[in-house]
Amino acid sequence: MITTVLVTNDSDFEDQVKRVSDGEAEAARWWDDRLPRMEPAAAAREITQGDPAVVVIGPGLATAASLALAEELDLHFPGACVVLVAKATGRLWEQALRAGIREIIPTGSDDPTVLAALTRIWATAARRQMAAPVAPPAPRGRVIVVISPKGGAGKTTVSTNLAAGLAGAAPGRVAIVDLDLQFGDVASALGIGPQSTMADAARAEGKLDSTAIKVFLEPHPSGLYALVGPHFPAEADEVSPETAGHVVDILAAEFSFVVVDTAAGLDEHALAAVERADDLVLVCVTDVPSVRALRKALDALDLLGMTKAHRHLVLNRSDDKVGLSVADVEATVGVNVSASVPTSRSLQISVNQGSPVVLADPRSPAGRALRDLANRFVGEPAAGAATGRPRRFARKDNA
Ligand SMILES: Nc1ncnc2c1ncn2[C@@H]1O[C@H](COP(=O)(O)OP(=O)(O)OP(=O)(O)O)[C@@H](O)[C@H]1O
Ligand SMILES: [Mg+2]
C-alpha cells in the first residue's frame, strides 16, 4: 500500500482522491491553519512523520509556499514523491522541476485526470520502494569445524581447547557442538555432566530456535557453552544431518564463535557443518596413512565444491619421530601447518581430568600451541561473508 499525504484544507479534493483510488492507496489529509506561515522545514517534518511515499501539495496553499515546501521535501525527505495541485503553466513546470516535483495536477481536474496523475505517481513510488536497498543480513558468528578422516588424531582435544581458548578472549560468546553423535566425548573432555544433548535438541526440531536452544546448552566455567553428544550411541540416529546443520545455523546467529567437533571421517553430519564453515581445522598426526587420508578428504571436499572455508592444518603429536617432516606433511596435504602440538603428558592428564590444557597447563608446550591456535581466530577475518560480531549470549537459566 502506497501511503499518501494530501496537504490541503480542501476536503472535496480528499474525497475525490479517495473516490478515484478506490481503496488502492492509503490517502490521509494533513492541514494546519498556520501552514502558510510555517517554516518549510518544520512543515516538512510534520508532513513526513508517517514516512509517506507520496505527498500531494494543494489545493489551498499558495504556489510560492507550495514550491518552498516541495524544495524542503526534496532536500531532506527524498523518499517521498511530491505532486503539486496548481494551475499548470509553463513557468510553473520549470519551477516545479527545480523543486523536485514529479507531477502537477491542474486545479479543478476531473476524476479521470486526477486518477491518471496519481496512478503514474503511485507506480513511481512502488518502483522506488522495490528498488530500496534490502537490509543487510544479520551478522553471523564464525563457524569453525574440526575434522580428521582418521580416528584418534586429536579432533576432540583440538576442538575443546580451541573453544576454551576462544572463550578466554570472548567469554560467553563461544559455543561448541559435538557432532560425533555416537561416541562424542566433548562432555568428558570439558568435565561437564550434561543434562541435555544433541538428541534432546533433535527431539525439539521444529520448535528449535535461538530461544529454545538455550535449554540444551551446558555452561562451562571457561565461558563457553556446550551442546554435547547423545548419552547413548543408539540415539545418534535421532539426529538428522539437517538438524545438525540447523543447530549450527542457530548457534552461529547467537554466538561469535561456533566450534564443531566431528566424528572420524566425513559423515553427513560433518558435511552439514562443513557447508556452513568459515574455517576448517584439519587435524592429523605425523604418520603416512593419516596424512594421505587427509589429502583424500580434502579432494572429496573439493569435488563437492566445499571450498569456501579457510583451511588450517594442525599437526598433532608433531614431535613423534616417525620420519615425516612438517614440509612433507604440508606438501602432501597442500596446506601449511598452522599449529604443531607436541605429544604431551600434561595434555593427556588434562583430558583425563576433564579440563582443557589451555586452562589446566597453559604454559606447557601443548597448551601454548593450542592457545596460539585459538588466538589466530581472534581478530582475524573469517573466510566467507560471515563475520564474528561480538555478541554475548545470555547465561542459561538453571531453573
Ligand atoms: N598431543 C597429544 N599428546 C598426548 N596425548 C594426546 C595428544 N593429542 C591427543 N591425545 C590423546 O589421544 C587420545 C585421542 O585424542 P582425541 O580424543 O582428541 O582424538 P579424536 O580425533 O577426537 O578421536 P575420535 O576419532 O575417537 O573422536 C586422547 O586420549 C587424547 O588425550
Ligand atoms: Mg573425538
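Colleague: Which residue stands opposite Y225 in strand 9?

Modeller: P219 stands opposite Y225 in this predicted model. Local features need pLDDT of at least 70, side-chain atom pairs count only at pLDDT 80 or more, and totals for chains, interfaces and linings use all residues. Residues are numbered from 1 along each chain as its sequence is written, chains are lettered from A and ligands numbered from 1 in the order in which they are written, and side-chain values use heavy atoms, with hydrogens and water left out.

Colleague: What makes strand 8 and strand 9 a pair?

Modeller: Two strands pair if DSSP finds at least two bridges between them. Strand 8 (residues 218–219) and strand 9 have two bridges, in the antiparallel sense, so they meet the definition. Strands themselves are DSSP runs of E with at least two residues, helices are runs of H or I with at least four, and both are numbered from the N terminus. Four residues lie between the two strands of this hairpin, where G223 takes a positive phi near 100°.

Colleague: How does strand 9 pair with strand 7, parallel or antiparallel?

Modeller: Strand 7 (residues 174–179) and strand 9 run parallel and are joined by four bridges. V174 has L224 as its bridge partner in strand 9.

Colleague: Which way do the residues of strand 9 point?

Modeller: L224 and A226 point one way from strand 9 (residues 224–227), and Y225 and L227 point the other way. In a regular strand the side chains alternate between the two faces of the sheet. All four are buried, that is, under 20% relative accessible area, where over 50% is exposed and in between is partly exposed (1.4 Å probe, protein chains only).

Colleague: What makes strand 8 and strand 13 edges of the sheet?

Modeller: The sheet is open, with eight strands in the order 8-9-7-10-6-11-12-13 and mixed pairing. Strand 8 and strand 13 (337–341) each have a single partner strand, so one side of each is left without a neighbour in the sheet.

Colleague: How many bridges join strand 6 and strand 11?

Modeller: Strand 6 (residues 142–147) pairs with strand 11 (residues 279–285) over four bridges, in the parallel sense. V146 has V281 as its bridge partner in strand 11.

Colleague: Which strands does helix 11 lie across?

Modeller: Helix 11 lies across strand 6, strand 11 and strand 12 (310–316), and runs at about 155° to strand 11. Axes are lines fitted to C-alpha atoms, for helices over the stretch in contact, and angles run from 0 to 180 degrees between N-to-C directions.

Colleague: Why is helix 11 called roughly parallel to helix 12?

Modeller: Helix 11 (residues 288–303) and helix 12 (residues 326–333) pack at an angle of about 25°, with their axes 9 Å apart. That makes the two helices roughly parallel; the class takes angles under 35 degrees, while over 145 is roughly antiparallel, 65 to 115 roughly perpendicular and the rest oblique.

Colleague: Which residues of helix 11 and helix 12 meet?

Modeller: V291, L294, R295 and L298 in helix 11 meet V329, T332 and V333 in helix 12, where contact means heavy atoms within 4.5 Å. Five of these residues are nonpolar, one is polar and one is charged. Ala, Val, Leu, Ile, Met, Phe, Trp, Tyr, Cys and Pro count as nonpolar, Asp, Glu, Lys and Arg as charged, and the others, Gly among them, as polar.

Colleague: At what angle do helix 9 and helix 10 pack?

Modeller: Helix 9 (residues 241–254) and helix 10 (residues 268–275) pack at about 35°, with their axes 8 Å apart. The crossing is right-handed. P241, A244 and G245 in helix 9 meet E268, H269 and A272 in helix 10, a contact of three nonpolar, two polar and one charged residues.

Colleague: How do you know that L347 counts as buried?

Modeller: L347, in helix 13, has a relative accessibility of 13% and therefore counts as buried. Leaving aside neighbours within four places in sequence, L347 is in contact with T157, V341, V357, A366 and L370.

Colleague: Why is S350 called buried?

Modeller: S350, also placed in helix 13 (residues 345–353), has a relative accessible area of 2%, so it is buried. Leaving aside neighbours within four places in sequence, S350 is in contact with S355, P356, V357 and A360.

Conventions:
A crossing is left-handed if the near helix is turned anticlockwise from the far one by less than a right angle, and right-handed if clockwise.
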